[in-house]
Each structure stands twice: as structure tokens, then as C-alpha cells.
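Open your viewer and get ready to click along.

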Amino acid sequence: MDLTPYLLPKKPVVPIMKRAIAPKPTKNFIWNLLYGDIQRLQAMKSLDAACGQLRNYWMFTKGAYCGLDRTYSQLVYGQQGANNRRLINQRGRDNIELVCGDMERHLDSLGEFDLCVSTGTIEYIDNAVTVLGSLSDTIHKAGNLLISMSGKMNLTETIVDYLISQYEIVELIYMQSHEVHEWEQSYNRQQQPSGKQKAADFSVYSIPEAKIKEMTFYEMSLPNVAELHMGIYVRALNKNNEVTRLKKEKEGALTDDGIFVFKDMDLLSWGKPQAKFSVKKPVL
Ligand SMILES: C[S@@+](CC[C@H](N)C(=O)[O-])C[C@H]1O[C@@H](n2cnc3c(N)ncnc32)[C@H](O)[C@@H]1O
């Protein structure tokens, strides 16, 4: 399939926040882009599918937010983080629903949304296109879907082929250029501390903010072509049809952490608690 008609002729030049909102330029670009899109779309009810530790939550400044993830501990750490705790208090607990469930099994009992976002996950799911179909099926007519993923060509083609049958507008924006990614890697290597401290501890968080910003602008200025990049951001806008799938009852229970767990979730998928946090076994 020829993707050219769906490629924006240039990468969008989005306003970049004064403070870096991600530790790497490649992510800083895409998070600013995603934030701008979420603000522009003004959804009343949004689904963050495979939300992990709720890193996207702050971007949903309006309406109700539903975060779905299959790893229970991710949801717990996510809502325990200081920033998310503050935002949950500010926006009201009634405006956030956290659900421990599987995108491959539970999407048809989650309800309906105006916007669905999924970042960094679709490409790892075996039947990605089926899952994308179920995700899309939760979206109202005229609603929108935003996906970021690594740009596997075959997957992108299949996904676009499906999306153009469902949405009025499909736009592709390439992200994570090889060049900036290489730079991030080499910066990391140069900064590796000697001795016992692991490189991972030092991490890219040590890239100075001014440099992140400079490289973010560089990333934005690159031509919007697959060859230069590793990842892709997909906008599917203005869905053509209503939600069609028969809705199932949501079967499960709320835990002490305020997280809804589908009753057929495998306990192992609740994840290993990290040392910093003590996560009790949820009480159903
Ligand atoms: C790479 S993380 C991305 C998290 C988040 N979207 C972000 O950008 O920070 C992948 C997340 O997907 C979740 N996940 C993977 N497969 C899933 C599935 N089938 N259903 C629900 N969550 C899933 C994992 O538990 C993990 O939290």
C-alpha cells in the first residue's frame, strides 16, 4: 500500500513547552505533539489504552479519563506519583477511572469514548489490527484516535488500510529520527559513570534541557519520510460510523486502590512490585 497520500507534507511545527516534558528530544517532540492534539480535540470522555504508569494523564485537562492497563502495579504506581496525585485531587476522583484489563479481551465492555489514545504499545501486540479495530469500536461517530508506535512498515500499512475505512482523515507523522536517536545513545555512552553505578541509573535524564529543546526543534524540522525515522504517530480523525459492537457487562470488582479489575485477569499480570513502593495484593 502506498502511504504517501496520508503523510503530512511536513512534520507539524508544534509549540514546544518551555520546560522539557520528556528526557529525550525524540519523546519531547511527540509528547508536545500529542498534548497539542488532545487539547485541540477537547474530548468529553477519553480512553488511554495501555496507559502504563499514567504518563499521559496530565495531558487530559478536560473531561473524563479512563486508563486501561493489564499490569495492576503500573496503575498503582501511576496514581501514587506525586504529580498524578495532585492532578487527581484537582480534577476530582470522579473524572478518572482506572481499569486493570486486557485490550485483547475487555474493550467491548469499557463503554464509549470521544477520543482514544494509545502510546508505545500497539506494535507489541500480536493481533494489533484486531485490537485496533476493537479500540476504534469504542469511539463515537466523529470521534478520534491517536496512536504512537515504532514504525514497522507492514504494520503501518495494515493499520492505515483499516483506518481509512473508518475515519474521514488519516495523517501520518514520522518520529524518532535515526540521527537524534543515535545522538541520544552516544550522549548516554559519554556520560556513563565509571565504577559500580550502572549506566541505566545515570540515564538520559542528564541531557541538559536547552539541548533537549534544540534537538526537538531539529527533529521537527526533518522531512516527514519513513527512511529517516524509527517511529510513527498516527492521527485518525472524525470517525465515520457509530459504535456498533454489542456492549458486554463489565464484570469484575473495585480494589482498595480504587482500581477496577476484570474478573478474568490473570493474577500474575498484576506485576512485580518495585522496591520503592509497597503494593499490597488488591482486595476484591
Ligand atoms: C511501553 S508501556 C507504554 C505505557 C504508556 N502508554 C506510555 O506511553 O507510557 C506498555 C504498557 O502496555 C501494557 N500492555 C501491554 N499489552 C497490553 C494489553 N494487551 N492490554 C492492556 N495493556 C497492555 C503494559 O502493561 C504496559 O504498561
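Predicted model: local features only at pLDDT ≥ 70, side-chain atom pairs only at ≥ 80, totals over all residues.

Of the 284 residues in the protein chain, 35% are buried. If you display contacts with a separation of 6 or more, residues 24 or more positions apart account for 75% of them.

Next, colour by pLDDT. The protein chain averages 88, and 88% of the residues score at least 70. Now select residues 199-204, where the pLDDT is below 50; this stretch has 10 contacts in the model beyond near neighbours in sequence. Then pick residues 273-277, also a stretch with pLDDT below 50, with six contacts beyond near neighbours in sequence.

Move on to the ligand. Which residues are closest to it? Select Ala 50, Gly 52, Thr 71, Met 103 and Thr 119, the closest of the 16 residues that surround the ligand. Colour the shell by class and you will find five nonpolar, six polar and five charged residues.

For the last stop, select helix H2 (residues 72-80) and helix H3 (residues 82-91). Their axes are 5 Å apart and the helices pack at an angle of about 75°, which means that H2 is roughly perpendicular to H3. Show side chains where the two meet: Gly 78, Gln 79 and Gln 80 come from H2, and Asn 84, Arg 85 and Ile 88 from H3. By class, this contact has one nonpolar, four polar and one charged residues.

Key:
Residues numbered from 1 in each chain as written. pLDDT = per-residue confidence, 0-100. Contact = placed C-beta atoms within 7 Å. Near = placed C-beta within 6 Å. Nonpolar A, V, L, I, M, F, W, Y, C, P; charged D, E, K, R; others polar. Axes fitted to C-alpha atoms, helices over the stretch in contact; angles between N-to-C directions. Helix = DSSP H or I, 4+ residues; strand = E, 2+ residues; numbered from the N terminus. Parallel < 35°, antiparallel > 145°, perpendicular 65-115°, else oblique. Buried ≥ 20, exposed ≤ 12 C-beta atoms within 10 Å, placed from the backbone.
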